Amino acid sequence: MVGYKFMGKAHSHAYRDLPLFFPDTLRPHMKVICGRNQNDVAKAATQFGWEEYTTDWKTLIQREDIDLIDINAPSDVHKEIAIAAAQAGKHIFCEKPLALTLRDSRDILEAAEVARVKHMIGFNYRFAPAVMLAKKLIDEGRLGRIYHFRAWFLQDWLVDPNFPLAWRLQKEIAGSGSHGDLGAHLIDMAHYLIGNITEVIGMNETFIKERPIPDNMTGLSATSSGHRGKGPVTVDDSTLFLARFENGALGSFESTRFATGHRSTNSFEINGSKGSVIFDFERLNELQVYFTDDREDVQGFRRVLATDPVHAFAEAWWPPGHTIGYEHTFIHEMVELMNAFRENRQPIPNFKDGVKCQQVLEAVDLSIENRQWIHLSDLD
């Protein structure tokens with residue numbers, strides 16, 4: 001595994017706990033963790049349960065005892081590591097975004113396909129049982145014809161103008177701000193639940209143009225004494241866009257790090273001719289469901305707690321009503337990856353989904369630059 005901060009901990013937890021709750025899946029062997037800081041990665045190896053650690057990913061991917069490379073390092077190194085891993089014949093799990101640009105993401109996909117390796121991208125929110133219930137209702141036609149998909153991912157961790165210029169605020173490292181970090185999850189969710197997006201139009205804003213240069217950074221956090229001056233914020237603080245889907249549905253998307261009071265409100269609402277659903281990640285075990293054919297005296301949204309054995313993955317966990325958390329979505333993700341190895345197929349979502357997401361991200365950016373609707377086909 002290359003990376004050991006926020007996502008490194010989440011992935012390590014998933015690999016370690018997977019056999020405990022899903023004993024029939026393949027058991028991952030946590031061999032080596034890699035990071036740039038030797039002291040920090042050594043501590044992570046002990047804490048997370050890895051056998052070895054290294055600071056040299058190039059040597060790591062050439063090792064014959066390594067089959068899978070998990071990439072959760074910052075976005076600017078995804079391409080180099082992923083392509084090298086593919087060329088070395090290694091299977092790859094890569095966190096989103098797949099790359100900084102559409103061209104780079106296509107290069108990664110091509111390398112993986114040429115090498116004929118398994119490849120998966122980290123869109124973990126797909127794997128909440130309540131989200132999978134929404135998918136089931138749509139696929140079974142129980143919501144009827146889909147008219148609307150509206151989604152929003154609201155956070156507030158950057159409202160303080162004195163928060164330092166962390167790497168996620170630098171375009172050359174992160175690729176984009178709330179758009180690529182938060183909006184990417186909304187876009188993938190739309191692709192998963194509704195289908196392909198055909199055209200978009202958007203707008204964005206960077207509310208705080210400069211921030212203190214950090215003295216040090218750790219994961220999502222950073223500290224600054226202020227003595228090093230300020231540097232420019234080169235990504236968006238908030239992006240909103242409208243979309244049309246291939247099936248005729250309309251979509252609206254909002255991602256921001258300036259929604260005061262919202263820690264991580266990752267939500268969507270879907271309206272169809274026969275019913276609607278609402279999901280909020282902060283209540284990730286629940287799906288709000290409405291059906292038009294309910295009797296008039298009891299019509300309204302009902303709360304479905306997706307913890308019964310009939311719900312996806314739920315049987316492996318606790319008795320009905322005993323909820324699961326954020327970390328479990330990563331375990332479910334790894335169940336899909338391990339099952340793909342056992343069944344000799346590509347896991348879903350994979351790098352093709354990463355490219356589709358990047359195409360929408362860039363189409364929105366282009367629409368903002370040109371102040372007009374952009375067809376996704378224009379980026380083919």
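In this predicted model, strand E4, helix H5 (residues 102–115) and strand E5 make a right-handed β-α-β unit. The two strands of this unit, E4 (residues 91–95) and E5, pair in the parallel sense over 4 bridges. Within this pairing, Cys-94 has Ile-121 of E5 as its bridge partner. Along E5 (residues 119–122), the residues point in two directions: His-119 and Ile-121 one way, Met-120 and Gly-122 the other, and all are buried.

Strands E4 and E5 belong to an open sheet of 3 strands, in the order E3-E4-E5, with parallel pairing. The edges of this sheet are strand E3 (68–71) and E5, each of which pairs on one side only. On average, neighbouring strands here are turned by 10 degrees against each other, direction ignored. Helix H10 (residues 351–370) packs on this sheet, where it touches E4 and E5, and its direction makes about 45 degrees with that of E5.

A second open sheet is also present. Its 9 strands follow the order E17-E16-E15-E14-E6-E13-E12-E7-E18, and the pairing is mixed. Strand E17 (302–305) and strand E18 (374–375) form its edges, each pairing on one side only. Helix H6 (residues 129–139) packs on this sheet and touches strand E6 (146–154), E14, E15, strand E16 (286–291) and E17; the direction of H6 makes about 25 degrees with that of E16. Strand E14 (residues 265–272) and strand E15 (residues 275–280) run antiparallel and are joined by 5 bridges. Across this pair, Phe-268 stands opposite Phe-279 in E15.

Helix H8 (residues 178–193) lies across E6, strand E7 (197–205), strand E12 (238–245), strand E13 (250–256) and E14, and runs at about 155 degrees to E13. The 16 residues of H8 reach 21 Å from the first C-alpha to the last, close to the 22 Å expected at 1.5 Å a residue. After H8 comes Gly-195, whose phi is positive, near 130 degrees.

Key. Residues are numbered from 1 along each chain as its sequence is written. This is a predicted model: local features need pLDDT of at least 70, side-chain atom pairs count only at pLDDT 80 or more; totals for chains, interfaces and linings use all residues. Side-chain values use heavy atoms; hydrogens and water are left out. Two strands pair if DSSP finds at least two bridges between them. Contact means heavy atoms within 4.5 Å. Axes are lines fitted to C-alpha atoms, for helices over the stretch in contact, and angles run from 0 to 180 degrees between N-to-C directions. The expected span of a helix is 1.5 Å times one less than its number of residues. Buried means under 20% relative accessible area, exposed over 50%, partly exposed in between (1.4 Å probe, protein chains only). A crossover is right-handed if, with the strands pointing away from the viewer, the path from the first strand over the helix to the second runs clockwise.
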